[in-house]
Amino acid sequence: MGFVKSDIDPNLYYLTVENEPLILVLYVDDLFLTGSFMLIKDYKKNMADEFNMKDLGMMHYFLGLDV
């Protein structure tokens, strides 16, 4: 899908589309995406077509922290 693996963290991937960044973070069996709404929407659809997954919506808490 064009993501580039970060040299700093093996669980961090990034992509730039028309100067808009999209960041994907893997945590155990969860994927977190951050970036523009349209990029997130498009890439979630592409990933759902490729992998068996479900969308849990916006993240509100992570490891007990309010996000």
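Helices (H or I, at least four residues) and strands (E, at least two) are DSSP runs, numbered from the N terminus. The model is predicted: local features need pLDDT of at least 70, side-chain atom pairs count only at pLDDT 80 or more, and totals for chains, interfaces and linings use all residues. Residues are numbered from 1 along each chain as its sequence is written, and side-chain values use heavy atoms, with hydrogens and water left out.

**View A. Met-47 in helix H1.** Met-47 counts as buried, at 5% relative accessibility; buried means under 20% relative accessible area, exposed over 50%, and partly exposed in between (1.4 Å probe, protein chains only). Apart from neighbours within four places in sequence, Met-47 is in contact (heavy atoms within 4.5 Å) with Met-1, Leu-24, Leu-31, Leu-33 and Met-53. Leu-65 is 18 residues from Met-47 along the chain, and their C-alpha atoms are separated by 27 Å.

**View B. The two sides of H1.** From first C-alpha to last, the 14 residues of H1 reach 20 Å, close to the 20 Å expected at 1.5 Å a residue, where the expected span is 1.5 Å times one less than the number of residues. Leu-39, Ile-40, Tyr-43 and Met-47 are the buried residues of H1. They cover an arc of only 95° around the axis, which puts them on the same side of H1; the arc is that of the directions from the helix axis to the C-beta atoms. Strand S2 (12-17), S3 and S4 are included in what covers them. Phe-37, Lys-45 and Asp-49 are exposed on the other side of H1.

**View C. The largest pocket.** A pocket is an open set of points on a 1 Å grid over the protein atoms alone, where a 1.4 Å probe fits, with protein on both sides within 12 Å along at least five of seven lines; lining residues have an atom within 4 Å of a point. The largest pocket holds about 990 Å³ of space, a volume being the space filled by probe spheres set on the points, which are joined across faces, edges and corners. Its lining has 28 residues, and Leu-31, Phe-32, Leu-33, Asp-55 and Gly-57 are the closest to its centre. Strand S3 (20-27), strand S4 (30-35), helix H1 (37-50) and strand S5 (61-62) each supply at least two lining residues; H1 gives the largest share, six residues.

**View D. Glu-18 and Asn-19 in the loop between S2 and S3.** Glu-18, not a glycine, has a positive phi of about 50° and is exposed at 74% relative accessibility. Asn-19, not a glycine, has a positive phi of about 65° and is exposed, with a relative accessible area of 74%.
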